[in-house]
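Please brief me on this structure. I would like the main points grouped by topic, in short sentences.

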Amino acid sequence: MGKAAIIGVGQSVFSRQYPGSIRELAFESFKDAMRDAGVTAKDIDASVVCSAPEYDKQRSPAGVMAEYMGLNPQPTFYVETLCSSGSTGLRLAYSLVTSGLHDVVLVSGFQKMSEISSAESQERMGRGADIQWESPFGTMMPAYYAMHAKAHMEKYGTRLEDLALIREKAATYGQINEKAVYRKAVTADMLADPENMMSNPVATPLRVGDCCANADGSSCLIVANEDKAKAFSKKPIWILGLGAASASVNLAGRDSFSGLDVAERASRQAYDMAGIEAKNIDVAEVHDCFTIAEMMAYENLGFAKPGEGKELIGAKETHKEGRIPVNVDGGLLSKGHPIGATGGSQIRTVVLQLRGEAGEMQVKDPEIGLVHNIGGVGIYGNVTILGRR
Amino acid sequence: MGKKKETDDRFKKFGTVSFTSISKVNDFIDYLEDGKIMGSACLECGRVFFPPRADCHECFSSNMDWFEVKGAGILETYSLLNFAPAGFKDDAPYLVAVLGYGKYKVFGRISNRLPKDQIKIGMEMKAVVNKLAGGQLNYVFEKI
């Protein structure tokens, strides 16, 4: 099978409320990615559109996006795996170009979450779980991750203070990312202060500061086969490894709650495909929709042994200057989590890092980067490994 | 004028808000009315399921029997929700949890009657049927 590379990336500013419609929101990152790749609409052979459909009033958004982006009459279609839709889009683009069916494929992810209230959003997100057997109990995403946090704390002695350090780190980099939705400092002290709203309980043990914020946003990636990548791009970023897995939607079907099986499986596949190990990763983006999610990611990806994620963050090894910098763009916690746009945004961050174009967020000379993107509470797991060569 | 066709939509009675009305396991609701929480077991290969299923994915059989969820389960994890999603505001705050029974697990709520400081991962609990407002039904976990 041939190689595939990412030759263009784009991301809109992630905001509380985007002053435009979904097609206009998606266009923001589309034009960035097209300019970045130096291509025009005629160079794009197909487009894959990613979002979580429960937020969209538009049925079948792919058609509308392709029309607005000037990508007719090329084929277009829609893909979703909840919060990991963007990574699934990249997986499809990779197979479309390496199979020889297309030369260049565009992946557009978007979400305009502000069209509905926070409670409505929680109810819709909760319905990303098992609607027949769990949702009737009144479930929502923070509660599912809170149950994982509770189990992790019980099994490994992880403390709230450890989780707070992850939020503090995210906020440190969110402040220097001009595309982040939350650009203020959040300290571990704030999460420990009962007078501070960041410490307010959402679903115990998770507090407001442990949870990512809803946002409106879009991201865009342009994927090309080897010939086109070399023709169009001076700095193609190669897709070295892809892993994907699924698990029971109902928590009753899971073996353990102190980690995510899909992340472990997907990372093993991706490492094998790339022919590398966890220790070879120079920079990573992980799916920190909640602080506990990043803690579990450290362990599921092999950056730390099970139960030792707290030592990794405690020693600041996942900070920009550490052994394995993680989410140095603010992560979902501070950069924001517009569902369908998230995976593409994570991939964009790692592409910019590998090109050496991440500005103030740049880590020192990375060769290989990893993206961990989870859909639902570990229903869908995707790991992508990217490299400079 | 034909007679109006009867719809078996018993499943709409499950939980505070049900998002499902018709299922092949609608009898689950009748059992709840009788105070029983039931799983299903495949009559071909013997695999047991909770929540109950109409079809076995091991042997593709739809020849299933009911069994009752009885006795002690182990509390594997839980969370107290301080905010509720739309439709559940009147219930908050409430606890969701998973009980492990060995061959299967049960997702549900912990009884509000149980003092919070008595809840501990690893404790033995039992699942009991709980009647909600408006004739709705669910199950909650209680201390043994």
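Between chain A and chain B the count is 0 salt bridges, a salt bridge being a side-chain nitrogen of Lys or Arg within 4 Å of a carboxyl oxygen of Asp or Glu. This is a predicted model, where local features need pLDDT of at least 70, side-chain atom pairs count only at pLDDT 80 or more, and totals for chains, interfaces and linings use all residues. Residues are numbered from 1 along each chain as its sequence is written, chains are lettered from A and ligands numbered from 1 in the order in which they are written, and side-chain values use heavy atoms, with hydrogens and water left out.

**Interface of chains A and B**

- In chain A, 33 residues are in contact with 39 residues of chain B; contact means heavy atoms within 4.5 Å.
- About 3000 Å² is buried between chain A and chain B, and carbon and sulfur atoms give 69% of that area.
- Buried area is the accessible area (1.4 Å probe) that two parts lose on being put together, summed over both.
- On the chain A side, A:W133, A:F137 and A:M147 lose the most area to chain B, together 27% of what that side buries.

**Salt bridges**

- Over all chains, the count comes to 27 salt bridges.
- One of them joins the side chains of A:K230 and A:E226, at 2.9 Å from N to O.
- Both A:K230 and A:E226 lie in helix 8 (residues 226-232) of chain A, 4 residues apart, about one turn of the helix.
- Side chains of opposite charge can pair when their charged atoms come close.

**Chain B layout**

- Chain B has 1 helix and 8 strands.
- Helices (H or I, at least four residues) and strands (E, at least two) are DSSP runs, numbered from the N terminus.
- The elements of chain B run α-β-β-β-β-β-β-β-β from the N terminus on.
- The C-alpha trace of chain B spans about 55 × 40 × 25 Å along its principal axes.

- Two packed helices are described by the angle between their axes and the distance between the axes.
- Axes are lines fitted to C-alpha atoms, for helices over the stretch in contact, and angles run from 0 to 180 degrees between N-to-C directions.
- Helix 5 (residues 141-156) and helix 10 (residues 291-300) of chain A have axes that come within 9 Å and cross at roughly 55°.
- That angle makes helix 5 of chain A oblique to helix 10 of chain A. Angles under 35 degrees count as roughly parallel, over 145 as roughly antiparallel, 65 to 115 as roughly perpendicular and the rest as oblique.
- The crossing of helix 5 with helix 10 of chain A is left-handed. A crossing is left-handed if the near helix is turned anticlockwise from the far one by less than a right angle, and right-handed if clockwise.
- Helix 5 of chain A contributes A:Y145, A:H148, A:A149, A:H152 and A:Y156 to this contact, and helix 10 of chain A contributes A:I292, A:A293, A:M295, A:M296 and A:E299.
- By class, the contact of helix 5 with helix 10 of chain A has 7 nonpolar, 2 polar and 1 charged residues. Ala, Val, Leu, Ile, Met, Phe, Trp, Tyr, Cys and Pro count as nonpolar, Asp, Glu, Lys and Arg as charged, and the others, Gly among them, as polar.
- The axes of helix 6 (residues 160-174) and helix 10 of chain A also come within 9 Å, crossing at roughly 100°.
- Helix 6 and helix 10 of chain A are therefore roughly perpendicular to each other.
- Here A:D162, A:L163, A:I166, A:R167 and A:K169 of helix 6 meet A:T291, A:I292, A:E294, A:M295 and A:Y298 of helix 10 of chain A.
- The contact of helix 6 with helix 10 of chain A has 5 nonpolar, 1 polar and 4 charged residues.

**Backbone exceptions**

- Most residues other than glycine have a negative phi, and most peptide bonds are trans.
- The A:T204 to A:P205 peptide bond is cis, with omega near 5°.
- A:P205 sits in the loop between strand 5 (201-203) and strand 6 (206-207) of chain A.
- B:A92 and B:P93 are joined by a cis peptide bond, with omega about -5°.
- A:K316 has a positive phi, near 60°.
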